[in-house]
Amino acid sequence: MARGDHLGEFELVVLLGLARLDDEAYGMTVFEEIERVTGRDLSIPAVYVTLSRLEKKGYVDSRTGDATAERGGRAKKFYRITENGETALRASQEMLDRLWSGVRTREATSNS
Amino acid sequence: MNHRPRPRPRLRPRPPRLAEWLLARSLPRDVREPTLGDLAEGFLHMLRRHDRLAAETWYWRQVRGSLNPMVRWSFGFRSIRRKVHWGGARLRGNIMQSILQDIRYGLRAAVKNLGFTLVVVMTLGLGIGANTAIFSVVDGILLRPLPYPNPEQLVTVWADYSVRSGRLREWFSYPNFHDLRQETEVFEEVGIWSDWNPTLTGLGSAELVTGGLLSAGMFSKVLRIPPVMGRSFVPDDDKPNAPDVVLISHGFWTRHFGGDHSVIGQSISLNGVSNTIVGVMPAGFRPPFVPNAELWKLFQMDMTTPNLSRGTAFLRALARIRDGVTLETARARATALASRLEAEYPRANTGVGYVIFPLRSDLVRQSRAPLWVLLGAVGFVLLIACVNVANLLLARMTSRQTELAVRAALGAGGNRLLRQLFTESAVLAALGGAVGFAVAFVGTDALVALAPSGTPRIADVTVDLRILLFAGGATALAMFLFGLLPALRGSRVDLHDALKVGGRGMGALSTGRAIGNSLVIGQVALALILLVGAGLMIRSLRELNAVDLGFEPAGMLTMTLNLPQVRYPDRVARADFFNRLETRLSGLPGVESLGSVSVVPLSGNNSDVDFYIEGRSLPGVGEEQTVWYRRVTPTYFETMGIRVIRGRGFTPSDDRQAPPVTVINQTLADRFFPDDDPIGKRISVNGSQNPVWREIVGVAEDIKNFGIQGGSRDATYFPFAQLPTSFMAVVLRTAGDPTTLIPAVRNAIAELDPNLAASNVTTLDAMVQASLGSERFVTLLLTLFAAVAFVLATVGLYGVVSYGVTRRRREMGLRVALGAAHGDIRKLIIGNSVMLAGAGVAVGIVGGLLLTRVMSGLLFGVRATDPVTFGVTAVLLTCVAALASALPAQRAVKIDPMAVLKNE
């Protein structure tokens with residue numbers, strides 16, 4: 001890994017969520033995507049904070065959109081994955097694959 | 001051209017402001033806008049789909065779910081980003097987060113060392129709780145303003161007879177009150193009151209009710225408390241021929257009428273007279289006088305009757321000073337009035353003045369000294385406890401030296417470490433404070449229950465926010481006292497020393513020995529002072545109990561009866577009733593003897609009157625010659641064990657037909673008949689114009705009528721048969737426990753008159769103890785505090801000596817190796833301990849001599865600097881110090897020099 005920092009678990013989730021969307025992804029859509037696909041209980045601010053961190057690591061890029069009255073006059077920020085981000089995703093997938101191979105989880109047994 | 005008015009834009013519903021603010025403060029700057037914008041979108045979405053409540057709930061959930069990561073970005077503080085690896089968890093430090101971290105760590109440490117934590121928290125909890133409980137009593141009685149509007153305007157007014165009879169707080173006569181009331185420029189209203197105990201009949205069994213007589217403006221203008229139902233008294237109500245009306249208390253209303261709202265206008269029978277209820281006072285209402293009264297009635301004054309002579313003082317007064325008028329102005333005005341009255345009515349008013357005090361301070365003046373003494377004492381206990389906790393923490397620092405050194409090595413700077421350690425102490429203090437608050441609740445209830453009955457304002461004692469603030473303050477103080485020192489010590493760890501195996505340990509702590517020793521000396525000093533205080537009170541109480549009362553209270557039962565005017569309209573009827581009652585009661589099994597008296601000793605219901613001696617010149621204007629008087633039946637003296645020193649007591653033949661007689665007491669005899677025999681001389685209490693001369697037939701020994709501590713005053717006895725009154729008490733001497741006779745006596749009374757109720761049913765022993773109520777209360781508490789302080793100080797001393805032995809192991813080992821005998825070692829340790837205690841005792845004695853002066857008003861028969869008390873406690877503490885060090889001394893002796901020196 002070029003950077004020396006591994007993707008944290010939530011960082012990975014957010015990055016994957018972003019990867020599933022197109023260029024018009026912003027916080028709300030990433031949040032909804034993750035929620036829809038994983039059913040995980042998360043919050044919009046948490047997603048944004050993670051996106052901010054990912055941006056600092058260079059894995060995502062952002063551009064500011066327009067403000068609307070509906071948003072109380074606040075601008076939107078659109079995110080997309082950078083090349084480094086893609087690299088990080090791939091590296092993460094490889095690492096996890098390697099770790100997962102050979103691992104057998106026990107069958108869930110129901111309580112009788 | 002008509003322009004339609006532009007439609008006003010609708011205000012967009014906004015998300016909860018607080019939530020938005022929290023997020024704004026905690027989000028990183030670069031995503032603040034978009035996040036808030038997205039959330040605003042989501043909020044509107046929820047609003048359209050559901051309702052406002054759902055939308056707000058959703059918004060708050062978003063905030064809550066993101067709080068943990070938020071903490072890392074600090075709440076707006078400039079963060080000093082430091083990464084500290086600790087146990088694998090990565091921390092991005094900043095002030096807020098590190099404090100939270102410290103608190104979590106402190107809680108974890110507390111749970112890990114559960115035994116230690118329990119000891120500390122319990123010690124602190126008891127100390128803080130006791131302080132808070134005592135404070136709540138001090139606050140309720142001394143500090144809290146009275147529960148009336150503008151209470152600072154309320155004053156008590158007394159007639160000042162100090163020039164004439166030596167009494168400063170004398171009661172009023174009606175004319176003197178009436179004249180004062182006319183000073184409306186300074187007084188909004190002056191009110192008068194008096195005790196009143198009518199018999200209530202017609203609502204269940206006959207019952208003697210505590211009540212009060214008032215002037216019309218007392219509740220409405222002086223206290224300014226309106227009734228919760230009906231109306232208050234109005235000036236017309238107290239005209240002599242006005243209908244009989246009463247106000248009842250809330251408790252009376254609940255008890256007898258079940259809270260029925262139609263009570264206004266109903267009548268009740270008091271002393272056989274029908275009274276109409278015109279109003280109900282609010283729940284919890286307690287006038288400063290007769291706080292337990294359930295009924296109030298008006299004085300109905302006819303200004304012309306002889307009862308209202310300017311010289312007859314039977315009233316007490318309360319006034320409200322006009323807004324804007326100062327106490328000094330009111331006093332000056334009253335003094336001016338007194339001078340005018342003196343000139344106008346020289347006979348009655350020469351030397352008579354008005355004295356005015358602020359109500360609250362006058363009401364509680366006797367509670368001040370005891371309460372402040374108790375507060376100081378319990379404060380000492382807390383100090384001692386805090387020192388113990390500090391020593392415990394200091395000792396624990398030794399065992400944590402490795403841990404602290406490692407922390408320091410890994411980058412926790414001195415300040416950071418200091419903060420960590422201090423936060424640990426703060427956690428302990430907070431836990432102790434919580435326990436303390438619970439203790440305070442229970443403790444306050446206990447104190448109120450134990451307080452002597454009749455303590456003014458005891459009902460105003462309550463645990464509320466003020467008390468909580470005090471508890472918080474005490475906790476914070478305790479925290480600084482015991483937390484700062486160990487934290488300072490612990491944060492100055494010498495790394496090399498600490499990490500060396502078998503190293504001498506925290507070098508910095510060796511100077512802590514001096515501090516530890518001084519703390520213990522302080523503890524012992526405080527404990528000594530408390531022990532001396534308790535000892536003085538115990539001795540004082542013993543002296544009080546040993547006072548010769550002049551009568552024998554053991555096995556005596558007493559109860560008071562009030563014969564209603566309606567059924568017992570004249571002397572014949574009253575004398576007759578008591579005759580029959582005494583005959584009936586003397587037949588009861590278990591009754592050895594009985595008698596009746598108008599004033600039971602120590603009951604506080606005394607009356608006095610001017611008297612004149614036959615053949616002597618009349619006392620001059622302004623020269624007081626009064627005597628306290630009681631009416632008694634012939635068997636009274638014998639029943640009470642009061643000796644008749646000269647002449648005789650009364651016999652049944654001293655009745656209405658016989659010549660008027662009287663028995664005087666020793667004090668009167670000594671004062672007015674110092675050289676001759678009073679027997680045969682005659683006195684009159686009927687005024688100087690038409691005297692009724694009564695022959696002195698006997699001299700009785702003095703009794704403690706006014707209080708065990710009081711001196712004796714001029715007193716005289718009249719035969720009840722010759723001067724019967726409606727209000728008499730029966731005293732019975734019984735074999736065995738007097739209280740077992742109560743039902744039989746009540747029955748006997750009921751047989752004679754079923755509509756008569758006995759009140760103040762008690763034993764004389766109980767009355768004697770009650771009169772010592774305040775002293776007993778203070779003694780009990782001081783003894784408790786002293787005992788706790790004693791135990792704590794002993795434990796503290798033991799701890800320090802024990803710790804000293806541990807630290808000086810090598811020195812002990814060396815001494816033994818160099819030939820010291822066991823006895824020498826023991827002497828060293830015990831001698832050390834005794835010296836510490838001795839220093840503490842010395843400091844304590846000096847402090848005690850200064851401080852016990854505060855108590856001198858509470859003591860009887862023993863001086864505040866009593867050498868015996870000081871000496872005994874000094875010796876006691878020193879001996880205990882020697883004993884406490886016996887165990888550590890034994891440990892020191894058992895030190896194996898080889899084992900110790902090998903670790904070099």
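**Figure 1. The surface of chain B.** The accessible surface of chain B comes to about 42200 Å². Carbon and sulfur atoms account for 58% of that surface. The model is predicted. Of the 904 residues in chain B, 50% are buried.

**Figure 2. The overall dimensions of chain B.** The C-alpha trace spans about 120 × 110 × 55 Å along its principal axes. The radius of gyration of chain B is 38 Å.

**Figure 3. Helices, strands and contacts.** Chain B holds 30 helices and 28 strands. Take the contacts in chain B with a separation of 6 or more: 79% of them join residues 24 or more positions apart.

**Figure 4. The charges of chain B.** There are 95 positive and 71 negative charges in chain B. Their mean positions lie 17 Å apart.

**Figure 5. Helix H29 of chain B.** This helix covers residues 886-893. Its buried residues are Pro888(B), Ala889(B), Ala892(B) and Val893(B). Seen down the axis of H29(B), these buried residues fall within an arc of 145°, so they line one face of the helix.

Notes
Residues are numbered from 1 along each chain as its sequence is written. Chains are lettered from A and ligands numbered from 1 in the order in which they are written. This is a predicted model: local features need pLDDT of at least 70, side-chain atom pairs count only at pLDDT 80 or more; totals for chains, interfaces and linings use all residues. Side-chain values use heavy atoms; hydrogens and water are left out. Helices (H or I, at least four residues) and strands (E, at least two) are DSSP runs, numbered from the N terminus. The radius of gyration is taken over C-alpha atoms; the globule rule is 2.2 Å times the number of residues to the power 0.38. Buried means under 20% relative accessible area, exposed over 50%, partly exposed in between (1.4 Å probe, protein chains only). Contact means heavy atoms within 4.5 Å. Accessible areas come from the Shrake-Rupley method with a 1.4 Å probe; for residues, only the protein chains shown count as cover. Lys and Arg count as positive and Asp and Glu as negative; His and the chain ends are not counted. The place of a charge is taken as NZ of Lys, CZ of Arg, CG of Asp or CD of Glu. The arc is that of the directions from the helix axis to the C-beta atoms.
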